[in-house]
Amino acid sequence: MRRFVFVGRDAIASEEFLLDDLAGSSGRLDVGLRCVRAALLVSHGVRRDAAFYLVLGGGPLAPRSVRIRGAEARFLRPDERSLAVLAKKVLASRADEHGDAFVDVRPGIALARGGLAAVIADLGSAVPYVLEQHAPDIRDATDFDPHDVAFFLGDPGGFDETTRAQLAAIGARPLAVGPVGIHAEDAIAIVSNEIDRRARPGA
Ligand SMILES: C[S@@+](CC[C@H](N)C(=O)[O-])C[C@H]1O[C@@H](n2cnc3c(N)ncnc32)[C@H](O)[C@@H]1O
């Protein structure tokens, strides 16, 4: 399983955002939704071996996290507005009110009343990596197992110190996808491509 975790420091944790002004009203949830597409959707299908986590740190209900598993999720569409409509419905649920574990709110989509710590607790045996521009290149990392990994990504402002400390505490190894700072969803596409190449039978 490949897992991607987008840490949206200001991304809104409730349904109170405007579909017609997603970027301006959601604390940049739009970036997280583009990451959903990059992590889970391929041409004419869903990556069944992938899961995506959205850590939402904005608004009065924060922190909250959403988990989407490609193997079980239904009706995921690639356009940002459809994903925003889905996020609105999921975040309107209060199924996560009690406890901090993930609770299914629809097939393959779960909510947790908790932030990065709740996600880390859910990652199981996945080997953690943190995607950073100024880090060793993923192409030189010949030793990672593409079948059991988790990659953490920052929002447009990068990672804050608390997040960095949490990632350091679990031993997340920094990796870059090249020397240029790019958008988080593009970094996911590049990592997915690296994993696809390494996970090929016989590769
Ligand atoms: C728009 S970038 C954040 C830029 C922010 N100003 C910073 O300095 O980190 C969003 C996220 O994409 C990922 N990213 C961007 N460029 C990358 C690169 N060259 N290698 C690995 N990850 C990258 C990182 O996880 C980053 O936090």
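**Notebook: buried sites, cores and helix packing**

I worked on a predicted model, in which local features need pLDDT of at least 70 and side-chain atom pairs count only at pLDDT 80 or more, while totals for chains, interfaces and linings use all residues. Residues are numbered from 1 along each chain as its sequence is written, and side-chain values use heavy atoms, with hydrogens and water left out.

**Entry 1: Pro-146**

I placed Pro-146 in the loop between strand 8 (127–131) and strand 9 (149–154). Helices (H or I, at least four residues) and strands (E, at least two) are DSSP runs numbered from the N terminus. Not counting residues up to four places away in sequence, Pro-146 touches Ile-195, Arg-198 and Ala-199, where contact means heavy atoms within 4.5 Å. I also noted Arg-2, which is 144 residues from Pro-146 in sequence and 6.9 Å from it in space, C-alpha to C-alpha.

Asp-155 is in the loop between strand 9 and helix 5 and counts as buried at 12% relative accessibility. I found its side chain at 3.0 Å from the backbone nitrogen of Arg-9, and a polar atom of that side chain lies 2.9 Å from the backbone nitrogen of Gly-157. I read these as polar contacts, that is, pairs of N or O atoms within 3.5 Å; within protein, one must be able to donate a hydrogen and the other to accept it, and residues adjacent in sequence count only if both atoms are side-chain atoms. Beyond four places in sequence, Asp-155 is in contact with Phe-6, Val-7, Gly-8, Arg-9 and Asp-10.

Glu-194 belongs to helix 6 and is buried, with a relative accessible area of 7%. Its contacts, leaving aside neighbours within four places in sequence, are Ile-138 and Arg-139.

**Entry 2: Nonpolar cores**

I define a nonpolar core as a set of buried Ala, Val, Leu, Ile, Met, Phe, Trp, Tyr and Cys residues joined through side-chain atoms within 4.5 Å. The largest has 46 residues, of which Leu-29, Phe-52, Val-66 and Phe-151 touch the most other members. Helix 2 (residues 29–40) gives the most to this core, with eight residues. A second, separate core has 18 residues, among them Val-5, Ala-112, Val-119 and Phe-159.

**Entry 3: Packing of helix 2**

I took axes as lines fitted to C-alpha atoms, for helices over the stretch in contact, with angles from 0 to 180 degrees between N-to-C directions. Helix 2 packs with helix 6 (residues 184–199) at about 15°, their axes 8 Å apart. The two helices are therefore roughly parallel. For helix 2 and helix 3 (residues 80–92), the axes come within 10 Å and cross at roughly 105°, and this pair is therefore roughly perpendicular. Angles under 35 degrees count as roughly parallel, over 145 as roughly antiparallel, 65 to 115 as roughly perpendicular and the rest as oblique.

In the pair with helix 6, I listed Val-31, Arg-34, Cys-35, Ala-38 and Ala-39 of helix 2 as meeting Ala-184, Glu-185, Ile-188, Ala-189 and Ser-192.

**Entry 4: Ends of helix 5**

At the start of helix 5 (residues 161–169), I found a side-chain oxygen of Asp-160 within 3.3 Å of the backbone nitrogen of Thr-162. Just after this helix, Gly-171 takes a positive phi of about 75°.

Definitions and conventions:
Buried means under 20% relative accessible area, exposed over 50%, partly exposed in between (1.4 Å probe, protein chains only).
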